[in-house]
Amino acid sequence: MKKNKLIISTLFMGAVLFTGCSHKPEYLPENSPESSIITMGIDRQDFEKAASDMVKSLLSSGALDKRGGGKYVVMMSDIVNDTTQRFDVKFITKKMRIAILNSQKAILTSAVGTQRDDLAQDSRKLRENDEFKKSTVIQKNTLYAPELSLSGNILQRTAKANKDDQLVEYYFQLSMTDIKTGLVTWEDEVVIGKIGSNDTVTW
Amino acid sequence: MKKIYLTLVIVSAIIFAGCAQKDVKVEPKLSDDEHIIIDSSLNSWLKLEKLNYFQKSDGFWVVQAKFKNMTFTNRNVAYKIDWIDKNGFIIKSILSKWKVATVEENRDFIINGVSPSNQIKDFEIRVQRTSIDDEKRKDSSHYEYQN
């Protein structure tokens with residue numbers, strides 16, 4: 001019994017002491033100087049730069065200008081993360097999807113593609129379920145097929161700059177393909193380079 | 001004799017002053033363009049050479065402003081393009097944020113922009129001296145080097 005009390009007291013004291021040592025969490029506003037932290041890996045700001053440069057290039061290229069008017073239906077295809085870091089490519093694609101939608105020149109589909117919403121297909125299986133009112137079940141011939149597909153790669157190249165420093169370059173490469181013809185209607189590349197100590201790791 | 005020299009000097013001064021005034025009138029006063037707001041403290045080294053903008057057939061605005069660093073020192077400048085909708089509101093977009101550019105000595109500084117949507121009615125390019133906080137934001141999305 002005494003032993004239990006001793007353990008609990010020790011744990012309690014330890015928790016109090018360690019809490020005292022740690023920094024109090026602080027909110028980091030998006031554009032504050034404190035949020036401008038540069039690491040050798042891919043930072044939030046790198047995703048922002050890649051996305052904004054890509055969107056600027058895409059919108060000025062005229063690739064989203066549909067002949068005869070209307071909006072293209074764009075599907076997200078494979079965007080391969082071929083770097084040593086593990087991150088979700090949605091960090092860049094989500095920013096681009098928002099910008100493409102806000103441009104009002106194209107619309108995105110979640111029915112197909114690598115970033116699909118599976119419920120768009122699954123909800124159609126309810127047609128065979130008698131528990132659901134037929135009038136509320138999604139009818140056939142309602143989905144829009146994609147016309148354009150956005151695909152790409154994120155690549156990494158590491159080289160020794162000098163005795164103490166290493167150079168890391170990230171290549172963001174994206175392409176827009178006309179699905180009907182297979183022709184690439186837009187492509188661009190954004191390169192972000194960083195130099196830092198050899199002791200720093202990028203993953 | 002002295003009177004003749006004096007008369008000549010005065011007449012020449014009037015003639016040349018007249019020419020200069022005429023040049024100023026003929027030259028487009030780009031800095032007065034309503035689309036560009038430049039911090040007057042930059043006048044000592046930054047010169048606006050050309051502002052080009054047009055609306056494409058798909059409704060998107062394309063903008064290019066060309067400046068020149070008139071000194072033989074690298075300089076930093078902060079800039080932003082505000083895109084304004086039909087109601088006069090500034091649109092929040094990843095294509096519109098304050099950036100710092102280092103402009104190499106005696107080189108051009110070019111601001112390129114494309115509107116985030118085809119519903120834009122107007123734009124403003126704001127060019128300012130960098131703040132202390134600007135100088136601390138040296139990440140890839142806030143900083144660029146131009147030469």
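## A serine that meets chain B

Setting aside neighbours within four places in sequence, Ser52(A) makes contact with Ile94(B) and Leu95(B); contact here means heavy atoms within 4.5 Å. The model you are looking at is predicted, so local features need pLDDT of at least 70 and side-chain atom pairs count only at pLDDT 80 or more, while totals for chains, interfaces and linings use all residues. Residues are numbered from 1 along each chain as its sequence is written, chains are lettered from A and ligands numbered from 1 in the order in which they are written, and side-chain values use heavy atoms, with hydrogens and water left out.

Where does Ser52(A) lie? Its place is helix 2 of chain A, residues 44–61. With a relative accessibility of 10%, Ser52(A) counts as buried. For this term, buried means under 20% relative accessible area, exposed means over 50%, and partly exposed is in between, using a 1.4 Å probe and protein chains only.

## Chain A as a whole

Chain A has 4 helices and 5 strands, and from the N terminus they follow the order α-α-β-α-β-α-β-β-β. Both kinds of element are DSSP runs numbered from the N terminus: helices are H or I with at least four residues, and strands are E with at least two.

The radius of gyration of chain A is 25 Å, whereas a compact globule of 203 residues would have one near 17 Å. That radius is taken over C-alpha atoms, and the globule rule is 2.2 Å times the number of residues to the power 0.38. Along the principal axes, the C-alpha atoms of chain A fill a box of roughly 75 × 60 × 30 Å. Of its 203 residues, 37% count as buried. Among contacts in chain A between residues at least 6 apart in sequence, 66% join residues at least 24 apart.

## Two loop residues

Now find Leu143(A), in the loop between helix 4 (119–122) and strand 3 (148–160) of chain A. Leu143(A) is partly exposed, at 42% relative accessibility. Not counting residues up to four places away in sequence, Leu143(A) touches Ala111(A), Gln121(A) and Arg124(A). Leu143(A) and Ala111(A) are 32 residues apart along the chain, and their C-alpha atoms are separated by 7.5 Å.

Glu30(A) sits in the loop between helix 1 (2–21) and helix 2 of chain A, and is partly exposed at 40% relative accessibility. Apart from neighbours within four places in sequence, Glu30(A) contacts Ser35(A), Arg44(A) and Glu48(A).

## Aromatic rings

Over all chains, a search of the whole structure finds 9 aromatic pairs. Rings of Phe, Tyr and Trp (its six-membered ring) pair if their centres lie within 6.5 Å; planes under 30 degrees apart count as stacked, over 60 as edge-to-face and the rest as tilted. Why is the pair of Trp61(B) and Phe123(B) tilted? Their ring centres are 6.2 Å apart and their planes stand at 55°, so the pair is tilted.

Trp61(B) belongs to strand 3 (residues 61–69) of chain B and Phe123(B) to strand 7 (residues 120–128) of chain B, so the pair ties together parts that are 62 residues apart in sequence. Trp61(B) is buried, with a relative accessible area of 15%, and Phe123(B) is buried at 1% relative accessibility. Over in chain A, one aromatic cluster is formed by Phe47(A), Phe87(A), Phe91(A) and Phe172(A).
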